[in-house]
Amino acid sequence: MVFAASDYTHMSHALQLAKNGLFTTSPNPRVGCVIVNNDEMVGVGWHEQAGEAHAEINALRDAGNLAKGATVYVTLEPCSHYGRTPPCSEALIHAGVRKVVIAMEDPNPCINGRGKQKLQAAGIEVQTGLLAEEAGQLNIGFMTRMRYGRPWIRSKLASSLDGKVALKNGKSQWITAEPARQDGHRWRARSCAILTGIGSVRHDNPQLTVRHVETTRQPVRIVVDSNLEISLQAKLVQPIATTWIFTARDNRNKISQLEKMGVHVFVLPDTSGKVDLKTMMAKLAELDINELLVEAGSVLNGALLATGLINEIIFYFAPNLLGHTAQSMLALPEMTDLSDKYKLRITDVRKIGKDIRVVARL
């Protein structure tokens, strides 16, 4: 399908509007909308928060009567079903718009082309596929959950240039500088949940909250704790944010204590007595987790990588060296042939303060 230069301009604007909801729309997708009439932009809107008006509704309110006969640019197919809000496709029909340009269709089974079909049945011209790749990347977690029944899993690793995350004695604060740590909080803020392991809880006693970025919500904090060893005094079980624990041990007494503190405990053992990581990811998808950020040690990161669950890694490399006795970032089985290596595709490289950030996908 051929699009005009002005189409790209307006859809690019809609994508920029969608980014305003980067930290707030979960578990809904980030969506932006621009309404144009007689080559003039008459309305803009974006989805600001789950349960509130969708992007199209906000743009229609902004446009008012000028929406009649207009062209609508929206980054995701308008919904066609009643959820917490009425269908956007019906609102567009009632507003009398002439044409709707959609970046990408919605893989949600409740929609999946039905919004587009409803618009066409009402005589509205519909075009799809304009900047679809950009729209998909903005909602990579939502797309992964809808298509594959699991979150988009992103691991964050901070190391020396020789790939070491801690000294032999376990000391690791701080390998990277403050700007890199602040950047890490932006990844936290956009995530639905943050995952760590019991080893990190015992050693670092982290809060796993967003503190360096302004946000209206805190991600869910998740701990993989096969033997349910977590201390009742750990910061992660304090009620400053929601905490879920996945364990392989059905310790009813400990579970009851944790639940009284507001912690949700899921018992998901595999055949070896560990937490079944694949089943856990399917459960997280059921619980509306789109993007999962892993902030864990080498054992859990290695297990997730070896199981084929990690989609993306954010490396922060500090300009220092810690030597061969320091702890490595990933605990992986020994490889005997280079063909066994994990291949990465680097998607972004930039300096963050004194450190270097590399984003790569498996």
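On a 1 Å grid laid over the protein atoms alone, a pocket is an open set of points with protein on both sides within 12 Å along at least five of seven lines, a cavity is a set of points where a 1.4 Å probe fits but cannot get out, and lining residues have an atom within 4 Å of a point. Grid points are joined across faces, edges and corners, and a volume is the space filled by probe spheres set on the points. The structure is a predicted model, in which local features need pLDDT of at least 70 and side-chain atom pairs count only at pLDDT 80 or more, while totals for chains, interfaces and linings use all residues. Residues are numbered from 1 along each chain as its sequence is written, and side-chain values use heavy atoms, with hydrogens and water left out.

The second largest pocket holds about 620 Å³ of space. Its lining comprises 22 residues, of which Lys-19, Leu-22, Gln-137, Trp-187 and Arg-190 are the closest to the centre. Two or more lining residues come from each of H1, helix H5 (132-138), helix H7 (178-190), strand S15 (345-352) and strand S16 (355-361); helices (H or I, at least four residues) and strands (E, at least two) are DSSP runs numbered from the N terminus. H7 gives the largest share of this lining, four residues. By class, the lining has seven nonpolar, four polar and 11 charged residues. Domain 1 (5-143) and domain 2 (149-361) each supply at least three residues to the lining of the second largest pocket.

Lys-19 is found in the loop between helix H1 (5-18) and strand S1 (32-37). Lys-19 is partly exposed, with a relative accessible area of 43%, a value between the limits for buried (under 20%) and exposed (over 50%), taken with a 1.4 Å probe and protein chains only. Although 120 residues separate Lys-19 from Asn-139 in sequence, their C-alpha atoms are 9.8 Å apart in space.

Asn-139 also belongs to the lining of the largest cavity, together with residues including Ser-26, Phe-142, Cys-192 and Glu-291. The volume of this cavity is about 50 Å³, and the count comes to one cavity of 30 Å³ or more. Its lining likewise draws at least three residues from each of domain 1 (5-143) and domain 2 (149-361).

In H1, the buried residues are Asp-7, His-10, Met-11, Ala-14, Leu-15, Leu-17 and Ala-18. They lie on the same side of H1 because they cover an arc of only 160° around the axis, the arc being that of the directions from the helix axis to the C-beta atoms. The exposed residues Ala-5 and Thr-9 are carried on the face of H1 turned away from its buried side.

Key:
Domains from an automatic or database assignment. Nonpolar A, V, L, I, M, F, W, Y, C, P; charged D, E, K, R; others polar.
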